Amino acid sequence: MPETQSATTSPAASATPVLALRGISKRFGAVQALTDVDLEVRAGEVVALVGDNGAGKSTLVKTIAGVGPADDGVVEWEGKPVTVDRPHAAQELGIATVYQDLALCDNLDVVGNLFLGREIVRAGVLDEVEMERRARELLSTLSIRIPSVRIPIASLSGGQRQTVAIARSLLGEPKIVILDEPTAALGVEQTAQVLDLVERLRERGLGVILISHNMADVKAVADRVAVLRLGRNNGTFDVRSTSQEEIISAITGATDNAVTRRRDRSAGVSGVPGAVEATGAAEAAPAAPAAQVTGPADAVKAAQAAQDGKEAGKESAPAGEPVDAVDAVEAAEADESAEATPAGKAGKPEVGKPEVGKPEVGKPEVGKPEVGKPEVGKPEKEAGA
Ligand SMILES: Nc1ncnc2c1ncn2[C@@H]1O[C@H](COP(=O)(O)OP(=O)(O)O)[C@@H](O)[C@H]1O
Ligand SMILES: [Mg+2]
């Protein structure tokens, strides 16, 4: 596995990280949202933060942004421990966060939004001329094209709004910018605009943390990808030398690598019988031809199918009510891994039937797309199973 840097190895050759998280843990009542999480971001690098729903991405971001400080662990800024206990502390250090909802004011124009909360005032009145001049300058250095800086935000496209929100985050001259799912709601063209902007942030020497569900985006702009799974590190990978399949495996848990092995050793896997079962099944899956993932597109579809399968698993969860989210995910995964192996036999693994490797004709097979059948790789329930 081309895993370049695990959570436990010491920093690589390059400079001191601008931001380093060490052993971050966070609990919400019964839910252990983060356990002993490490993350490093250097100047001029884009680190993708990926993981399934509930993996702890937003919680981790909130600890960095000073919105929900960690219970345990250390935040280091340029090599020194710091306290980030409120948003203002994060901003002062140079951490800017663009949340998914963007927090733009629809009724204000682009200038008004850019300078919201940091208006330029001269002799007691807003200096609209100066703000407009700086707005144009900022947008043009970022090559952001907006029809006019005086039109209301409401009339911009989703991609343009996202770029305005990112531009606004730069006014505080941060060193680290955190983008929470910046392309989640965007079409192809708009996504490209935002990814271009991410590259420009890197060119300006900023460290970027990019939360994303989209492997294509991650592959397109990230230098490294940090995977969270069930609130723990599940590997940090060099994007160029790692396949999408490997990243997806780390996200879904269908993986066996130094990080998981070490974690399982130290945690004593016996505590979670379901997890052992799920891992075994998931490991077996790639050997079965029907479950093989042959290309990036298939990988994404497969991941989607797994996700949908998981949701289906949740809906139909039997009486053994999961006590917390982690259990819910583990339970869903046990279902999911059972579903993933035999082609077209989702949720109905028949014991003793060696269907693996004997895909039934006419059933959807992940990894073997049939021409003219766009539903291949989609959740089986849609295919009428
Ligand atoms: N404010 C909160 N109160 C209780 N549980 C929370 C809260 N925020 C997050 N969680 C739980 O913490 C876990 C991680 O959630 P989150 O960080 O939102 O995951 P992600 O962003 O990766 O989808 C989940 O189990 C979620 O239900
Ligand atoms: Mg989230």
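Predicted model: local features only at pLDDT ≥ 70, side-chain atom pairs only at ≥ 80, totals over all residues.
Residues are numbered from 1 along each chain as its sequence is written, and chains are lettered from A and ligands numbered from 1 in the order in which they are written.

Helices here are DSSP runs of H or I with at least four residues, strands are E runs of at least two, and both are numbered from the N terminus.

Let's start with α5. Eleven of its 13 residues are buried, so the rest of the structure largely encloses α5. Buried, by the way, means 20 or more other C-beta atoms within 10 Å of the residue's own, with C-beta atoms placed from the backbone. Among those buried residues are Gln160, Arg161 and Arg168. What covers them includes β6 (95-98), α3 (110-114), α4 (128-141), β9 and α6.

Now α6. The buried residues there include Thr191, Leu197 and Leu201, and the buried set packs against β3 (46-50), α5 (158-170), β9 (176-180), β10 (207-211) and α7 (215-221). Just after α6, Gly205 takes a positive phi of about 90°.

Last, the core. A nonpolar core is a set of buried Ala, Val, Leu, Ile, Met, Phe, Trp, Tyr and Cys residues joined through C-beta atoms within 7 Å. The largest one has 72 residues, and Ile64, Ile178, Leu210 and Ile247 have the most contacts inside it.

Key
Buried ≥ 20, exposed ≤ 12 C-beta atoms within 10 Å, placed from the backbone. Contact = placed C-beta atoms within 7 Å.
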